[in-house]
Amino acid sequence: KKMMTKSLFVYILILIFVQGADFYSLDDVMTLHQRLLNDSVYDKALRPGNNQSLPTTVNIRMRLTNLIDIDEIAGTMKITGKLIISWVDDRIVWNQKGSNGVRNIFIPQGKVWVPDMYSVSILNGQSTAIGMEKLMVKYTPKGEAVWDVTGMFWSTCNIQITLYPVDDQKCMFRFFPNGYSSDDIQFEVADTEIMSTNYQDNSVWKLQHSKVFINKGNPTAPDQFIVRLTFARRSTMYIVSILVPTSLMGFVHLLAFFIPDETGERVGFSVTILLSLAVYQSMLSETLPKASIPQIPVLSIKIFADLMISSLIQVSVVFSQYLYNKEGNQEDLPGPISCLIRCLQSRKRKQKVKPNENYSYEEKDPQKEKEETMERFVDVKNFRRKFNIVCGWFCFLAILGTNISILAIFLQTSSNEE
């Protein structure tokens, strides 16, 4: 008897627990679907709300999943994410206890009213419908509807590559309900930023910041849900592989002015550095953005300046070697070059001679006087030495100036972003 009493007590407890639990069958859900979606009580063409003179409130959030691509030439940004859209439909409500505890139901998008969202590009105005017929809308007993729309979204952007490779790109994504004005549907947002908990980092771009806001419409225009994303390029690799090598090549090229002309290695060394720089820059052209509107990258200007300075070094070295060969072979310089040297030297040697009564005039040998005159006015060796010094300092300051300028631009950009 005691065993029977205990078994009966356990059975009663299990029965009470099962009846109290939210246990509902497929038939319960099907019956609820048929009752709620009856054509006589539900029309998906009509928006929710008994008072149709008041707008339907729709809450929107966005969860960013991944950045697919930023195309500098086409000026587009593609992302994948999820729009979480919610509203209250007082026509799809039920008594949970009277439906055997049905907590929520899922209804295909094509069978119920949804805000019929479109995404529109900022620049070209092209719009694209989001969602599909097979997407499910989740409802609670109080009529709270949640519509999760996952997909790929794209928009045209005003790409700015002037500060490449420390640039950042900003793009705006706009979403609006098709066919409704602000008097029909009002958008609301709970957060001012997107949800990025499940965001997968991109190898080239870093999500810098985001902003979400509503652009209020008017009786003839709908509210717009706007997402503004800013991505900063990961510039460490570009600085190490592009900026630093090109800068070092420029300073190494200056070593050509320290090689004596007597060795005959100046021209060969300079040509080697110039060709190396040209080959390296041709390889870098594949990684640089091809877009040139509105401005070309500052780094491209810097690389072009380095190439021009290296070409100037090459010309200076060749001309210095030419003067050295003429001096060694005791050959006359061309007329324009000889006149230029005499002109530069005569300005430095002009002196005012005061008359001296004790000075005795002696006749000098004409040949000796000619040699002294040539030595006085055409001092090729002295001119070549000063020419190398001036060209070396000029090229050094030019290379230093270009590197300091681009470094200042990059540092100012980084400080402004912070």
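Which residues line the second largest cavity? I looked this up in a predicted model. The lining consists of Ser119, Val120, Ser121, Gln126, Thr128 and Trp154. By class I noted 2 nonpolar, 4 polar and no charged residues there. The volume of this second largest cavity is about 30 Å³.

**Entry: cavities**

I then took the count, which is 2 cavities of 30 Å³ or more. The largest cavity holds about 40 Å³ of space. I listed its lining as Ile60, Arg61, Met62, Asp191, Glu193, Ile194, Met195 and Val212. These divide into 5 nonpolar, no polar and 3 charged residues.

I followed β1 into its sheet. The sheet is open, has 6 strands in the order β3-β6-β7-β2-β1-β9, and shows mixed pairing. At the edges I found β3 (105-108) and β9 (185-188), each pairing on one side only. Neighbouring strands of this sheet are turned by 30 degrees against each other on average, with direction ignored. I looked at one pairing in detail: β1 runs antiparallel to strand β2 (residues 76-88), over 11 bridges. Ile60, one of the residues lining the largest cavity, stands opposite Ile85 in β2.

**Entry: aromatic pairs**

I searched the whole structure for aromatic pairs and got 12. For Phe153 and Phe175, the ring centres are 5.4 Å apart and the planes stand at 85 degrees; planes over 60 degrees apart count as edge-to-face, so this pair is edge-to-face. The pair links distant parts of the chain, with Phe153 in strand β7 (residues 144-156) and Phe175 in strand β8 (residues 168-177), 22 residues apart.

Are these two residues buried or exposed? Buried means under 20% relative accessible area. Phe153 has 4% relative accessibility, so I count Phe153 as buried. Phe175 has 0% and is therefore buried as well.

I also checked Phe319 and Phe387. Phe319 lies in helix α5 (residues 298-328) and Phe387 in helix α8 (residues 380-417), so the pair ties together parts 68 residues apart in sequence. Phe319 has 24% relative accessibility and so counts as partly exposed.

Last, I noted one aromatic cluster, formed by Trp87, Trp113, Trp147 and Tyr180.

Conventions
Residues are numbered from 1 along each chain as its sequence is written. This is a predicted model: local features need pLDDT of at least 70, side-chain atom pairs count only at pLDDT 80 or more; totals for chains, interfaces and linings use all residues. Side-chain values use heavy atoms; hydrogens and water are left out. On a 1 Å grid over the protein atoms alone, a cavity is a set of points where a 1.4 Å probe fits but cannot get out, and a pocket is an open set with protein on both sides within 12 Å along at least five of seven lines; lining residues have an atom within 4 Å of a point. Grid points are joined across faces, edges and corners, and a volume is the space filled by probe spheres set on the points. Ala, Val, Leu, Ile, Met, Phe, Trp, Tyr, Cys and Pro count as nonpolar, Asp, Glu, Lys and Arg as charged, and the others, Gly among them, as polar. Two strands pair if DSSP finds at least two bridges between them. Helices (H or I, at least four residues) and strands (E, at least two) are DSSP runs, numbered from the N terminus. Axes are lines fitted to C-alpha atoms, for helices over the stretch in contact, and angles run from 0 to 180 degrees between N-to-C directions. Rings of Phe, Tyr and Trp (its six-membered ring) pair if their centres lie within 6.5 Å; planes under 30 degrees apart count as stacked, over 60 as edge-to-face and the rest as tilted. Buried means under 20% relative accessible area, exposed over 50%, partly exposed in between (1.4 Å probe, protein chains only).
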